[in-house]
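User: I have just opened a structure that is new to me, and I would like to talk it through. Could you walk me through it?

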Amino acid sequence: MADILYKAMAKSLDIEENSFSGQLGDNPATHVRFNFYPPCSKRDKVLGLKPHSDRSNVTVILQDEEVEGLQIVKDEKWITVPAIPHALVIMSIGIFKSPLHRVVTNTDKLRISVAVFNEAVPEKEIGPVEALIDDKRPRLCRNVKNYAFLN
Ligand SMILES: O=C(O)CCC(=O)C(=O)O
Ligand SMILES: [Fe+2]
């Protein structure tokens, strides 16, 4: 699925279809995290997951269909991502922003989510796609290997 997303992202930027997937190679690393948030009586004091950005190239989240909790920062405010049945939340880095996000707790309902992280294997060097760099949009970071260890 990540490959389909990388290709769609490249297409939307009008660059060669394999610009992102080509960099990650044939076998990018996929990690899956199952999150379980028990009900919490101190909702105002306890977070399910503290504010963070994912280090992956793309994160796909299957949220609990009934219980909201995921929030992202937009215009310096926390906004709740709606829980839409069967919909996936997709986060990325770079031009497609990786929002700072957190999970708030719920007083009487537990919440479950599944996050799938797709990223380059450590020995693969990744960096900004050359076709996206120009005078108006200069390179913002160097190429890196062992990306996971830098985080
Ligand atoms: O539970 C969620 O909706 C988000 C989980 C998350 O951000 C993560 O596992 O990195
Ligand atoms: Fe996350």
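**Around the ligand**

Analyst: Gladly, and please keep in mind that this is a predicted model. The shell around ligand 1 is made up of 7 nonpolar, 4 polar and 3 charged residues.

User: Which residues are the closest to ligand 1?

Analyst: Ligand 1 is surrounded by 14 residues, and the closest are Arg33, Tyr37, His101, Arg111 and Ser113.

User: How far is the side chain of Arg33 from an oxygen atom of ligand 1? And what about Tyr37 and Arg111?

Analyst: An N or O atom in the Arg33 side chain is 2.7 Å from an oxygen atom of ligand 1. For Tyr37, a polar side-chain atom lies 2.7 Å from an oxygen atom of the ligand, and for Arg111 the corresponding distance, again from a polar side-chain atom to an oxygen atom of ligand 1, is 2.8 Å.

User: How much of the accessible area of ligand 1 does the protein cover?

Analyst: On its own, ligand 1 has 300 Å² of accessible area, and the protein covers 100% of it. The space that ligand 1 takes is the largest cavity.

User: Which elements give two or more residues to that shell?

Analyst: They are strand 1 (29-37), strand 2 (47-52), strand 7 (101-104) and strand 8 (111-119). Strand 8 gives the most, with 4 residues.

User: Let's stay with strand 8, then. In what sense does strand 1 pair with strand 8, and over how many bridges?

Analyst: Strand 1 and strand 8 are antiparallel, and their pairing runs over 9 bridges. Arg33, whose side chain came up for its distance to ligand 1, has Ala115 in strand 8 as its bridge partner.

User: How many bridges join strand 3 to strand 8?

Analyst: Strand 3, residues 58-62, is joined to strand 8 by 5 bridges, and these two strands also run antiparallel. Within that pairing, Thr59 has Phe117 of strand 8 as its bridge partner.

User: Switching topic, how many helices and strands are there in the protein?

Analyst: The protein has 3 helices and 8 strands. Read from the N terminus, the order of the elements is α-α-β-β-β-β-β-β-β-β-α. Taken along the principal axes, the C-alpha atoms fill a box of roughly 50 × 30 × 30 Å.

User: One last thing: what joins strand 4 to strand 5?

Analyst: Strand 4 (residues 70-74) and strand 5 (residues 77-80) run antiparallel and are joined by 4 bridges, with Gln71 standing opposite Thr80 of strand 5. The two form a hairpin with 2 residues between the strands, and in this hairpin Asp75 takes a positive phi near 50 degrees.

Notes:
Residues numbered from 1 in each chain as written. Chains lettered and ligands numbered in written order. Predicted model: local features only at pLDDT ≥ 70, side-chain atom pairs only at ≥ 80, totals over all residues. Heavy atoms only, no water. Near = heavy atom within 4 Å. Polar contact = N/O pair within 3.5 Å; in protein donor to acceptor, adjacent residues only side chain to side chain. Areas by Shrake-Rupley, 256 points an atom, 1.4 Å probe, with all protein chains shown as cover. 1 Å grid on protein atoms, 1.4 Å probe; cavity = no way out; pocket = protein on both sides within 12 Å on 5 of 7 lines; lining within 4 Å. Sits in = over half its atoms within 2 Å of the grid points. Nonpolar A, V, L, I, M, F, W, Y, C, P; charged D, E, K, R; others polar. Pairing = 2+ DSSP bridges.
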